[in-house]
Amino acid sequence: MSEIARLNLQDDFTVDELWILQHKAYRLEAELIGFRDIPPLLETRDMLRRSREIFYGCLSSDGDLLGAVAVEEELPGKLTITRMMIDPEHFRKGIASRLLYYVFEHYKGMEQFIVSTGKLNEPAVSLYSKHGFVPAGVEEVAPGVELIEFHRIGKR
């Protein structure tokens, strides 16, 4: 069984594992959407360590990082899910859903959850739609590359 825990970005081993996971996951998204300059792929370990985001990881019983989610409260009452990354060897095992449920529970006082993904990233679009996110806008970030932003209502 796996557990979800906050990741310590001051720990070198954790940052290394997270950076490797990030590159595995976002390289696949880059292929799906036809855009190699996804910001997490351009990030160094030091940039990751200095991030203002809060990271949670899904860890196997052996301590392997299977997936991670990052969040940031940019506006009061609004939580942005800034990153979602799953080790490709563990796709389709419910890890992304578990991470989302964890965020919803851990931040249940939020009025709104926000997330963006490449419009052509069908697995991510499907995941967010399945979890109650609705499209809120589309932005072209490079020629032919569109990001879709989703919103989900939090507390009522």
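In this predicted model, helix 4 and helix 5 cross with a right-handed sense. Helix 4 spans residues 95-106 and helix 5 spans residues 122-130; their axes come within 11 Å and cross at roughly 40°. Angles under 35 degrees count as roughly parallel and those from 65 to 115 as roughly perpendicular, and the two helices are therefore oblique to each other. On the side of helix 4, the contact is made by Ala96, Ser97 and Leu100, and on the side of helix 5 by Leu127, Tyr128 and Lys130. Sorted by class, the contact of helix 4 with helix 5 has 4 nonpolar residues, 1 polar residue and 1 charged residue.

The loop between strand 4 (78-86) and helix 4 contains Arg92. Arg92 is not a glycine, yet has a positive phi of about 65°. The relative accessible area of Arg92 is 85%, and the cut-off for exposed is over 50%, so Arg92 is classed as exposed.

The count of aromatic pairs comes to 6. One of these is formed by Tyr56 and Tyr102, with 5.2 Å centre to centre and 55° between the planes, a tilted arrangement. Tyr56 belongs to strand 2 (residues 54-59) and Tyr102 to helix 4; the two are 46 residues apart, and the pair links distant parts of the chain. With a relative accessibility of 2%, Tyr56 counts as buried. Tyr102, in contrast, has a relative accessible area of 24% and is partly exposed, because the buried class is limited to values under 20%.

Phe104 and Phe133 form another tilted aromatic pair, in which the distance is 6.0 Å centre to centre and the angle between the planes is 40°. Phe104 lies in helix 4, whereas Phe133 lies in the loop between helix 5 and strand 6 (134-142), so this pair ties together parts that are 29 residues apart in sequence. Phe104 is buried, with a relative accessible area of 11%. Phe133 is also buried, and its relative accessible area is 3%.

Phe104 and Phe133 also belong to one aromatic cluster, together with Phe113, Tyr128 and Phe150.

Methods. Residues are numbered from 1 along each chain as its sequence is written. This is a predicted model: local features need pLDDT of at least 70, side-chain atom pairs count only at pLDDT 80 or more; totals for chains, interfaces and linings use all residues. Side-chain values use heavy atoms; hydrogens and water are left out. Axes are lines fitted to C-alpha atoms, for helices over the stretch in contact, and angles run from 0 to 180 degrees between N-to-C directions. Helices (H or I, at least four residues) and strands (E, at least two) are DSSP runs, numbered from the N terminus. Angles under 35 degrees count as roughly parallel, over 145 as roughly antiparallel, 65 to 115 as roughly perpendicular and the rest as oblique. A crossing is left-handed if the near helix is turned anticlockwise from the far one by less than a right angle, and right-handed if clockwise. Contact means heavy atoms within 4.5 Å. Ala, Val, Leu, Ile, Met, Phe, Trp, Tyr, Cys and Pro count as nonpolar, Asp, Glu, Lys and Arg as charged, and the others, Gly among them, as polar. Buried means under 20% relative accessible area, exposed over 50%, partly exposed in between (1.4 Å probe, protein chains only). Rings of Phe, Tyr and Trp (its six-membered ring) pair if their centres lie within 6.5 Å; planes under 30 degrees apart count as stacked, over 60 as edge-to-face and the rest as tilted.
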